[in-house]
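Dear colleague,

I am handing over the structure below, and I would be grateful if you could look through it before reading my notes.

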Amino acid sequence: MYDVVVVGAGPSGCIAAKHAAEGGASTLVIEKDREVGIPVRCAGLISRRAIEESELREREVKLFTVNRIKGAVIHSPGYDLRIEAREHAYVIKRDCFDKALAEDARNSGAEIITGCRVVGIRHSSWGLSVEAVKAGGGREEIGAKVVIGADGVRAGVARLAGIKLTRNLLSCAQIEGCYDGESAYAEIFAGRRIAPGFFAWAIPLNDHTARIGLCMDDKFSSPHSTPVRLLTRLLSSEPHMVKRYRGSCSSHHGYTGGAIPIAAGLKLQKTVKLMHGNTSGILLVGDAAAQVKPITGGGVYYGLRSGKIAGEVAAKAVSAGDMHMLKDYERRWHKEIGKEIIFGAWVHRLRCVLDDGDLERILRALGRERRRVEEGGDMDYPSRILVGFIKKPEFIILGMKNITRYIWQLWIDKLE
Ligand SMILES: Cc1cc2nc3c(=O)[nH]c(=O)nc-3n(C[C@H](O)[C@H](O)[C@H](O)COP(=O)(O)OP(=O)(O)OC[C@H]3O[C@@H](n4cnc5c(N)ncnc54)[C@H](O)[C@@H]3O)c2cc1C
């Protein structure tokens, strides 16, 4: 019997477990994969702020950092915008990052078991009973007062608890391949043909290798489009990419697919459920709660931020014996990142209905104010700079031009 059981040993789950254990709660993390951090489903680009939020020591940070990025070049079909960032972003080895977070959680007193999949959650006399199946066979029933669902985009805990999921999924594909670009600049490729409803990227690991991938919003793609097909086309026919990608040098490796949840219907995911006459409760964090930046698809920072709050709140609720205190978790993460996610979801929907000409006009407008973008831009809080732009006449005209398609799409989102 544990005070807190965390399902999933990704970044959100590990930091939640660390803070629950530090708050005095007996804490267990259950991870379905045999090894924490593997397989990797991430491009591994995170901000300095995310590194700080991870609470890992500089020595560990050095071990999982492979490159630093000081800017980006955004390509639209007819215009390229180059931006220098105020602060370097970090390119990390996600498996090593996740392992370091798991070790940190262990050092704080949390137990972690791997190769064990949670398949059920039931009421029991002590609160909740978590049913888990081990990789080699065999079932276990583990008691918990609070269960934290940090089980990623598939959100199994939410489904088991009957919590409605309010999100869209983007489909993604990525490879690591030989690449002959500038090692300190990420490249972004936008355009309906390239990545409908989202974008493609090249994130250099060094002078000769990059993670190259893309995400698409299925609702805005033709029925035969898949991320793998679009990625193959990007590598073989996008003019900038053709210059840089060296498919011939022992070809590519490190293929990963995956999905990214985006808040849908402009609503935030419900993340707290009190159970069994309010004697126990379930919290959702990270991708399971669609705590992802809808503009860029990055989820590591928001997952760490929310995981930390979830762990703290769970430990306090258990220690006070008052599960109503779990509601504090939702209030706190809404206050910190809720508006940013809703704003991002509006921008994402707008991006989905814009044509390539409009996209290019937006990039040109941003290019005219490049200095402001560079000084005020923030990869974790993009609204801080974008809100100012949305009020400008050229953006209002673009909005008016696309308003019918946009409202139609919002209405469809609302029905889902
Ligand atoms: C292609 C791609 C590129 C991305 N690039 C970036 C990027 O550059 N920067 C960024 O910030 N974000 C990026 N993201 C998003 C980022 O990877 C996620 O937001 C982040 O991993 C979320 O962390 P998490 O801990 O919530 O979930 P996860 O990291 O998905 O961890 C969930 C864990 O739960 C485990 N689990 C699932 N079900 C069960 C079960 N039933 N029982 C036990 N364990 C279970 C899983 O095995 C997994 O280990 C990318 C995503 C994709 C798909």
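On a 1 Å grid over the protein atoms alone, a pocket is an open set of points where a 1.4 Å probe fits, with protein on both sides within 12 Å along at least five of seven lines, and its lining residues have an atom within 4 Å of a point. Grid points are joined across faces, edges and corners, and a volume is the space filled by probe spheres set on the points. The model is predicted, so that local features need pLDDT of at least 70 and side-chain atom pairs count only at pLDDT 80 or more, while totals for chains, interfaces and linings use all residues. Residues are numbered from 1 along each chain as its sequence is written, and side-chain values use heavy atoms, with hydrogens and water left out.

The second largest pocket has a volume of about 220 Å³. Of the 13 residues that line this pocket, Arg193, Ile194, Ser237, Glu238 and Pro239 are the closest to its centre. Helix H6 (227–237) and helix H7 (239–244) are the elements that give two or more residues to the lining, and H6 gives the most, with 4 residues. Helices here are DSSP runs (H or I, at least four residues), numbered from the N terminus. By class, the lining has 5 nonpolar, 4 polar and 4 charged residues, where Ala, Val, Leu, Ile, Met, Phe, Trp, Tyr, Cys and Pro count as nonpolar, Asp, Glu, Lys and Arg as charged, and the others, Gly among them, as polar.

Turning to helix packing, the axes of H1 (residues 11–22) and H8 (residues 300–320) come within 7 Å and cross at roughly 30 degrees, the axes being lines fitted to C-alpha atoms over the stretch in contact, with angles running from 0 to 180 degrees between N-to-C directions. The residues of this contact (heavy atoms within 4.5 Å) divide into 6 nonpolar, 5 polar and 2 charged.

Two single residues may also be of interest. Aspartate 98, found in helix H4 (residues 94–107), is buried, with a relative accessible area of 5%, and buried means under 20% with a 1.4 Å probe and protein chains only. Not counting residues up to four places away in sequence, Aspartate 98 touches Gly10, Pro11, Cys14, Val36 and Gly37. Isoleucine 337, in helix H9 (residues 327–353), is likewise buried, with a relative accessible area of 1%.

With best regards

Terms used: Buried means under 20% relative accessible area, exposed over 50%, partly exposed in between (1.4 Å probe, protein chains only).
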